[in-house]
Amino acid sequence: MLTLQMKDAPLIRDPLSRTGCGHASRGVNGGTPPILDEKTRPWKKLVNVSLTGAAGRISNHLLFKLASGEVFGQDQPLALKLLGSESSVQALEGVAMELEDSLYPLLREVSIGIDPYVIFKDADWALLIGAKPRGPGVERAAILDINGQIFAEQGKALNAVASRNVKVIVVGNPCNTNALICLKNAPNLPAKNFHALTRLDENRAKFQLALQAGVFYDKVSNMTIWGNHSTNQVPDFLNAKINGRPVKEVIKDTKWLEEDFTITVQRRGGVLIEKWGRSSAASTAVSIAHAMRSLVTPSPEGDWFSTGVYTTGNPYGIADDLVFSMPCRSKGDGDYELVQDVAMDNFLWGRIKKSEAELIAEKRCVAHLTGEGNAFCDLPADTMLPGEM
Ligand SMILES: NC(=O)C1=CN([C@@H]2O[C@H](COP(=O)(O)OP(=O)(O)OC[C@H]3O[C@@H](n4cnc5c(N)ncnc54)[C@H](OP(=O)(O)O)[C@@H]3O)[C@@H](O)[C@H]2O)C=CC1
Ligand SMILES: O=C([O-])CC(=O)C(=O)O
């Protein structure tokens, strides 16, 4: 639906206030709503984007991309609603100040808070980025539990207050299982609308193939990441294309594809941490923008993108009731369909089954958070987040 709004309507901010529910919002203009004048023109209806971990490093890149119109386009005004915690609320105010000082014409509202029931209210998009990193000596089962509790709580809040068609992208690790926990705690929202971010892995895979083939990376298409965002993820070189030709016709070195390429993509996050001392933030933000854009613009003819989605009756034979990265296409309406006709061989299927087994094991660890009884944790020894190797 189109509504009339003034292009140069001011950013709406209420005077700095804190309510009993832990919401803080900053303000100029005394909370005065934008006033239409004669120079009104059609603008799209305001989109509400809620982010968690908004004081974190990924958000610090992503927020400015969103506000600039890079994701939704130059005719789409938006409100940014930032969730933090008691300890990050000052940092959040700093983030809000920087957004305001950037004078983005599309940015109509910035609110900050520590209560997901306030920050997720009417959210059209929920970008769940905040999660505790796994520190030294912390068992993977423990991090699944600690972060799982956050995502269970946030799922409940989304269920209660978000738009009934909210699109949820889970970034905080372990993102596939966190997304599963979140959707299980949001039974009134379509499970199909929940995603786990594997677009960074897709981008990393495209770059490696382009480098090896000596082409620019826009020549690499049909790149699927299957499965879990972990070191058992499966970058699919069987179906990917370079200049429209199967990768295996362009890169004839099967050993490189099966070993070097696959391992490089699986471990890219960890190598980056070793080099830089911190995990990918800018490229992750870029990949979140790509993931969102792939849902709000029609997929190019013949191509697809990867995203972790809820498995229910998929055409590949992957177990139901997981969040598993698969090839998808979109008409640009925020929704997606699975790509039906992909090739499978023994190598690819074997790797997919391993990633599936890992996700099934993760699911058993969080049964207490998905309403499926008592948790039982028997994770495979080689289960790692990309950043943990
Ligand atoms: N799926 C993927 O491809 C990828 C996923 N990730 C995951 O994304 C998640 C977030 O990563 P990233 O943004 O780098 O993490 P950060 O460590 O920068 O932020 C995480 C949290 O730390 C707190 N925080 C950050 N900055 C401040 C501050 N200045 N003051 C107070 N608190 C602060 C915030 O929590 P709070 O406000 O609640 O206190 C924030 O949510 C991690 O789980 C990471 O593993 C990372 C890369 C790729
Ligand atoms: O483990 C992490 O936090 C980093 C990560 O996911 C990645 O770089 O892919």
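Reader: At what angle do the axes of helix α4 and helix α5 cross, and within what distance do they come?

Author: Some conventions come first: this is a predicted model, in which local features need pLDDT of at least 70 and side-chain atom pairs count only at pLDDT 80 or more, while totals for chains, interfaces and linings use all residues. Residues are numbered from 1 along each chain as its sequence is written, chains are lettered from A and ligands numbered from 1 in the order in which they are written, and side-chain values use heavy atoms, with hydrogens and water left out. Helices (H or I, at least four residues) and strands (E, at least two) are DSSP runs, numbered from the N terminus. Axes are lines fitted to C-alpha atoms, for helices over the stretch in contact, and angles run from 0 to 180 degrees between N-to-C directions. Here, α4 (residues 140-161) and α5 (residues 175-184) have axes that come within 7 Å and cross at roughly 40°. That angle makes α4 oblique to α5; angles under 35 degrees count as roughly parallel, over 145 as roughly antiparallel, 65 to 115 as roughly perpendicular and the rest as oblique.

Reader: Which residues make the contact of α4 with α5?

Author: Contact means heavy atoms within 4.5 Å. From α4 come L144, N147, G148, F151, A152, Q154, G155 and L158, and from α5 come T177, N178, I181 and C182. By class, six are nonpolar, six polar and none charged; Ala, Val, Leu, Ile, Met, Phe, Trp, Tyr, Cys and Pro count as nonpolar, Asp, Glu, Lys and Arg as charged, and the others, Gly among them, as polar.

Reader: How are α1 and α2 placed relative to each other?

Author: The axes of α1 (residues 57-67) and α2 (residues 89-101) come within 11 Å and cross at roughly 30°, and the two helices are therefore roughly parallel. N60, L63, F64 and A67 of α1 meet V95, E98 and L99 of α2. This contact has five nonpolar residues, one polar and one charged.

Reader: At what angle do α6 and α9 pack?

Author: Helix α6 (residues 199-213) and helix α9 (residues 282-296) pack at about 105°, with axes 8 Å apart. That makes α6 roughly perpendicular to α9. R199, L200 and N203 of α6 contact S283, T284, S287, H290, A291 and S294 of α9. Here two residues are nonpolar, six polar and one charged.

Reader: Which residues come nearest to ligand 1?

Author: A residue is near a molecule if one of its heavy atoms lies within 4 Å of it. Of the 22 residues around ligand 1, G53, A55, R57, S85 and S88 come nearest. A polar contact with the ligand is a pair of N or O atoms within 3.5 Å. A backbone N or O atom of A55 lies 2.8 Å from a nitrogen atom of ligand 1. A side-chain N or O atom of S88 is 2.5 Å from an oxygen atom of the ligand, and a polar side-chain atom of H229 lies 3.4 Å from a ligand oxygen atom.

Reader: Which residues does a cis peptide bond join?

Author: The cis bond joins N173 and P174, with omega about -5°. P174 lies in the loop between β9 (167-170) and α5.

Key: A polar contact is a pair of N or O atoms within 3.5 Å; within protein, one must be able to donate a hydrogen and the other to accept it, and residues adjacent in sequence count only if both atoms are side-chain atoms.
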